[in-house]
Amino acid sequence: MKTPQSKTQPIPIFKYLFLSLFFSLPLFLLLYSLQRPNNQPTHPPPQDSVSDLRIRPGYTSYDAYIQRQLNKTLNPKLRQIWKTRDWDRKVRVFSSFFDDLKQKKLLSNQSKALCIGARVGQEVEALRRVGVSNSVGIDLVPYPPLVVEGDFHHQPFEDESFDFEFSNVFDHALFPDKFVGEIERTLKPGGVCVLHVAVSRRSDKYSANDLYSVKPLVRLFRRSEMVHVRKVDGFGLDTEVAFRKNKKTVIQRS
């Protein structure tokens, strides 16, 4: 009798396909990861002075912009923090900044000073503590007696009113040219403006612009000269820049 031969069952072709894909997948993933750039910035810093200042989109009107700023300024939790837990710390740090500016002859006890976007007035209090008694702040929401109501795009002061102006809210300006224009309008000839700005990091969610270098500031201050710049640690802001307004030139008639 013939012994029946056992038949070898063929392996279905899809098993070969599955096994090849299984062993090839790690290789594909490795090649893909090598082709991807590491730590690619979402917004690479621009190179020229115009694009080094970018206005954030999304405001349908000036009223919408003002309302968004008020959402921060009127936030009851923030205002409570500004007036209590943050008060002593910020007054102390601002006082240190102003003392240093006095040593650099950019500020004196005789200066008539304005703080722009002063919230509840920590910087005004700091100026007064270091001897600059004739100091006041402006903000959309007043906080008497330190801060009066005012829009920094349209300062409520006469021309050439101040010897010194300070602000750490440049990033909140929707129209930086108007912001700077009002500073130069209300500064006396020879007066000094000091800004604390964020260059190495992005500002908060209420900011209206992003600054990538100090070059746009030099361009905006058309009637002033940059006289001082340094790195600081100023509550999320990393650069201090000072401008001195040009003195008027007297033309003598022959």
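1. Basis. The model is predicted, so local features need pLDDT of at least 70 and side-chain atom pairs count only at pLDDT 80 or more, while totals for chains, interfaces and linings use all residues. Residues are numbered from 1 along each chain as its sequence is written, and side-chain values use heavy atoms, with hydrogens and water left out.

2. Overall make-up. The chain has seven helices and nine strands. These elements are DSSP runs numbered from the N terminus, with helices being H or I of at least four residues and strands E of at least two. Of the 254 residues, 43% count as buried (buried is under 20% relative accessible area, exposed over 50%, partly exposed in between, with a 1.4 Å probe and protein chains only). The accessible surface of the chain is about 15500 Å², and carbon and sulfur atoms hold 56% of that surface (Shrake-Rupley method, 1.4 Å probe; for residues, only the protein chains shown count as cover).

3. Contacts. Among contacts in the chain with a separation of 6 or more, 67% are between residues 24 or more positions apart. A contact here means heavy atoms within 4.5 Å.

4. Cavities. Two cavities of 30 Å³ or more turn up in a search of the whole structure, and the largest cavity has a volume of about 140 Å³. The largest cavity is lined by 16 residues, of which Gly117, Arg119, Asp139, Leu140 and Phe152 are the closest to its centre. Two or more lining residues come from each of helix 2 (62–73) and strand 3 (135–139); helix 2 gives the most, with five. The lining has seven nonpolar, six polar and three charged residues. On a 1 Å grid over the protein atoms alone, a cavity is a set of points where a 1.4 Å probe fits but cannot get out; a pocket is an open set with protein on both sides within 12 Å along at least five of seven lines; lining residues have an atom within 4 Å of a point. Grid points are joined across faces, edges and corners, and a volume is the space filled by probe spheres set on the points. As to classes, Ala, Val, Leu, Ile, Met, Phe, Trp, Tyr, Cys and Pro count as nonpolar, Asp, Glu, Lys and Arg as charged, and the others, Gly among them, as polar.

5. Largest pocket. The volume of the largest pocket is about 420 Å³. Its lining has 22 residues, and the closest to its centre are Lys72, Lys90, Asn168, Asp204 and Phe235. Helix 4 (87–103) and helix 5 (122–129) each supply at least two lining residues, and helix 4 gives the most, with three. By class, the lining of this pocket has five nonpolar, eight polar and nine charged residues.

6. Twelve aromatic pairs are found in the whole structure (rings of Phe, Tyr and Trp, the last by its six-membered ring, with centres within 6.5 Å; planes under 30 degrees apart are stacked, over 60 edge-to-face, the rest tilted). One of them is the tilted pair of Tyr62 and Tyr65, at 5.4 Å centre to centre and 40 degrees between the planes. Both residues lie in helix 2, three residues apart, about one turn of the helix. Tyr62 is partly exposed at 26% relative accessibility, whereas Tyr65 is buried at 2%.

7. Aromatic pair across the chain. The ring centres of Phe94 and Phe166 are 5.8 Å apart and their planes stand at 80 degrees, so this pair is edge-to-face. It links distant parts of the chain, with Phe94 in helix 4 and Phe166 in strand 5 (residues 162–167), 72 residues apart. Phe94 is buried at 3% relative accessibility, and Phe166 is buried at 1%. Phe94 and Phe166 belong to one aromatic cluster with Phe98, Phe164 and Phe235.

8. Positive phi. Arg119 is not a glycine, yet has a positive phi of about 55 degrees. Arg119 is in the loop between strand 2 (113–116) and helix 5 and is buried, with a relative accessible area of 13%. Phe235, also a residue other than glycine, has a positive phi near 55 degrees. Phe235 is in the loop between strand 8 (224–234) and strand 9 (237–245) and is partly exposed at 27% relative accessibility.

9. Cis peptide. The peptide bond joining Pro144 and Pro145 is cis, with omega about 0 degrees. Pro145 is in the loop between strand 3 and strand 4 (147–149).
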